[in-house]
Amino acid sequence: MAKNVLSSSKIKMFRQYLKLQKGFSKNTIDAYMNDVEKLLTFLKDRKISLRNTRLEHLQEFAAVLHDLGISARSQARIQSGLRALFHFLTMEGYIDKDPTELLQAPQLGKHLPEVLSTAEVDMIENAIDLAKWEGQRNLAIIEMLFSCGLRVSELVNLKFPSLYMEERFIKIVGKGNKERLVPISEKAVEELHKWFADRDKMKIKPGEEDYVFLNRRGAHLTRTMILIMAKQYARDAGIKKTISPHTFRHSFATALLEGGADLRAIQVMLGHESIKTTEIYMHLETQTIREEILIHHPRNMEKHNFFAKKLKKT
């Protein structure tokens, strides 16, 4: 098996190099170390050693980030960390040639859609008029898109048998009829329950009873309706970015990456590869992925940090 683990002394030397020679702040250094760990995991999964890493391996890693919808700016930051690592390893004689020399930087502002910060998502949600009958429904929709990284087609086709509210999971049938389980945040659960209270008062069309989200005529929503709604609320919030429902999915992936989540966990949550759903709540791998999302998504990080601090005091 390929060995990619840097010795503790090498890691310490790399941190000192970033601090003393590059003059980076602690936050930047921590981010770089985080990104290096993602690359090491990527290489380990493909049984590629750090010494044998070539340009094509880094290009494949960059392609994975692109396919996940990670923003070009975040990709550029990750590449900066990798360039620093391989430059350091070359200087130390750990590797003979720096594979990042011909690695092309992502073009900022091109090819990928805009990404929203958590604060911008909050601005959009705050722009929703809860006095209107559809207000709570739309708030739940925006929160589900951001907290779960759903495709818009997955959201409009979401049905009650796919909700596991107590277990904090939803079952999604994605492209190719592949099933995946996605953890759902406490905030999304809260907004859903509020919407259910309004939904219970509606007259629902026969055959539409299982759909989670309905229009005022009691039928399930369409992709176009979600698109119009997302764009309108972004305008109302004063956000100038070009917004679509898919923007929230990319924002979900970027938020997790920036929060330190494992790359493979993000891939699974986005449905880029299938996972076995039988005996799902007993499956160690799925539990680990669930913890990655619950810890690293901004909707969960604040609560996680709060309880962690309380535990330290006890």
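Me: Leaving aside its neighbours within four places in sequence, which residues is D35 in contact with?
Reply: D35 is in contact with R77, I78 and L82, with those neighbours left out. Contact means heavy atoms within 4.5 Å.

Me: Before I go on, what sort of model is this?
Reply: It is a predicted model, where local features need pLDDT of at least 70 and side-chain atom pairs count only at pLDDT 80 or more, while totals for chains, interfaces and linings use all residues. Residues are numbered from 1 along each chain as its sequence is written, and side-chain values use heavy atoms, with hydrogens and water left out.

Me: OK, back to D35. Where is its place?
Reply: D35 sits in helix α2. Helices (H or I, at least four residues) and strands (E, at least two) are DSSP runs, numbered from the N terminus.

Me: Is D35 buried or exposed?
Reply: Buried: its relative accessible area is 1%. The cut-offs are under 20% for buried, over 50% for exposed, and partly exposed in between (1.4 Å probe, protein chains only).

Me: New topic. How many cavities of 30 Å³ or more are there?
Reply: The structure holds two. On a 1 Å grid over the protein atoms alone, a cavity is a set of points where a 1.4 Å probe fits but cannot get out. Grid points are joined across faces, edges and corners, and the volume is the space filled by probe spheres set on the points.

Me: Why roll a probe at all?
Reply: Because a probe the size of a water molecule, rolled over the atoms, shows where empty space is left.

Me: Which residues line the largest cavity?
Reply: L58, F61, A62, L65, Q75, I78, Q79, L82 and L103 do. A lining residue has an atom within 4 Å of a point.

Me: Which helices supply at least two residues each of that lining?
Reply: α3 (55-67) and α4 (72-91).

Me: How many lining residues are nonpolar, polar and charged?
Reply: Seven are nonpolar, two are polar and none is charged. Ala, Val, Leu, Ile, Met, Phe, Trp, Tyr, Cys and Pro count as nonpolar, Asp, Glu, Lys and Arg as charged, and the others, Gly among them, as polar.

Me: Q75 is in that lining. Which helix does it lie in?
Reply: Q75 lies in α4, and at 6% relative accessibility Q75 counts as buried. Q75 and A105 are 30 residues apart in sequence, and their C-alpha atoms are 8.2 Å apart in space.

Me: What about S80?
Reply: S80 is also in helix α4. S80 is partly exposed, at 32% relative accessible area.

Me: Switch to α5. Which of its residues are buried?
Reply: In α5 (residues 118-126) they are E120, V121, I124 and E125. They cover an arc of only 145 degrees around the axis, so they are on the same side of α5. That arc is taken from the directions from the helix axis to the C-beta atoms.

Me: Which non-glycine residue has a positive phi of about 55 degrees?
Reply: K47. K47 is in the loop between α2 (26-45) and α3, and is exposed at 61% relative accessible area. R168 has a positive phi too, about 65 degrees, and is not a glycine. R168 is in the loop between β1 (163-164) and β2 (169-173).

Me: Last one. How many helices and strands does the chain have?
Reply: The protein chain has 13 helices and three strands. Buried residues make up 48% of its 314 residues.

Definitions and conventions
On a 1 Å grid over the protein atoms alone, a cavity is a set of points where a 1.4 Å probe fits but cannot get out, and a pocket is an open set with protein on both sides within 12 Å along at least five of seven lines; lining residues have an atom within 4 Å of a point.
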